Amino acid sequence: MPDTDEHDHLTTCAGAGAAARQGGPAAAGPPYADCLQCGRPTEYPVDRPGIVLCPVCEWQEAQRSACSG
């Protein structure tokens, strides 16, 4: 299998569901904040407080915390 970026082959469900989990609406337009884990643009505005993750990293973090017991 060729070396591919993890974000390229994962399917995400971004939008209202992700915004609801983070406690705020998705940004209406740029500038978007960069993900703190991978650096890719997120769906959240730059001035959003707290930890900002892209939909893929957000999903992965939810999986890790769900399995932590």
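**Entry 1: elements**

Helices (H or I, at least four residues) and strands (E, at least two) are DSSP runs, numbered from the N terminus. By that rule I found 3 helices and 2 strands in this protein. I read their order from the N terminus as α-α-β-β-α. I note that this is a predicted model, in which local features need pLDDT of at least 70, side-chain atom pairs count only at pLDDT 80 or more, and totals for chains, interfaces and linings use all residues. Residues are numbered from 1 along each chain as its sequence is written, and side-chain values use heavy atoms, with hydrogens and water left out.

**Entry 2: confidence**

I looked up pLDDT, the predictor's confidence in each residue, from 0 to 100. The protein has a mean pLDDT of 73, and 55% of its residues reach 70 or more. A contact here means heavy atoms within 4.5 Å. Where pLDDT is low, the predicted coordinates should not be read in detail.

**Entry 3: surface and burial**

I took the accessible surface of the protein as about 4800 Å², with 57% of it belonging to carbon and sulfur atoms. Such areas come from the Shrake-Rupley method with a 1.4 Å probe; for residues, only the protein chains shown count as cover. A residue is buried under 20% relative accessible area, exposed over 50%, and partly exposed in between (1.4 Å probe, protein chains only). Of the 69 residues, 28% count as buried.

I checked the length of H3. The expected span of a helix is 1.5 Å times one less than its number of residues. For the 12 residues of H3 that gives 16 Å, and the end C-alpha atoms are 16 Å apart, which agrees. Pro55, Val56, Cys57, Glu58 and Gln60 of H3 are buried.

I then looked for salt bridges (a side-chain nitrogen of Lys or Arg within 4 Å of a carboxyl oxygen of Asp or Glu). The structure holds 1. It joins the side chains of Glu61 and Arg64, at 3.0 Å, N to O. Both residues lie in H3 (residues 55-66), 3 residues apart, about one turn of the helix. An α-helix has 3.6 residues a turn, so residues three or four places apart point the same way. Glu61 is partly exposed at 34% relative accessible area, and Arg64 is partly exposed at 44%.

**Entry 4: the core and Leu53**

A nonpolar core is a set of buried Ala, Val, Leu, Ile, Met, Phe, Trp, Tyr and Cys residues joined through side-chain atoms within 4.5 Å. The largest one here has 5 residues: Cys35, Leu53, Cys54, Val56 and Cys57. Leaving aside neighbours within four places in sequence, I found Leu53 in contact with residues including Cys35, Thr42 and Glu61.

Is Thr42 buried or exposed? Thr42 lies in strand S2 (residues 41-45) and is buried, at 7% relative accessibility. Beyond four places in sequence, its contacts include Tyr32, Asp34 and Cys54. Thr42 and Cys57 are 15 residues apart in sequence and 9.9 Å apart in space, C-alpha to C-alpha.

Val46 is in the loop between S2 and H3 and counts as exposed, at 51% relative accessibility. Not counting residues up to four places away, Val46 touches Pro31, Tyr32 and Ala33.
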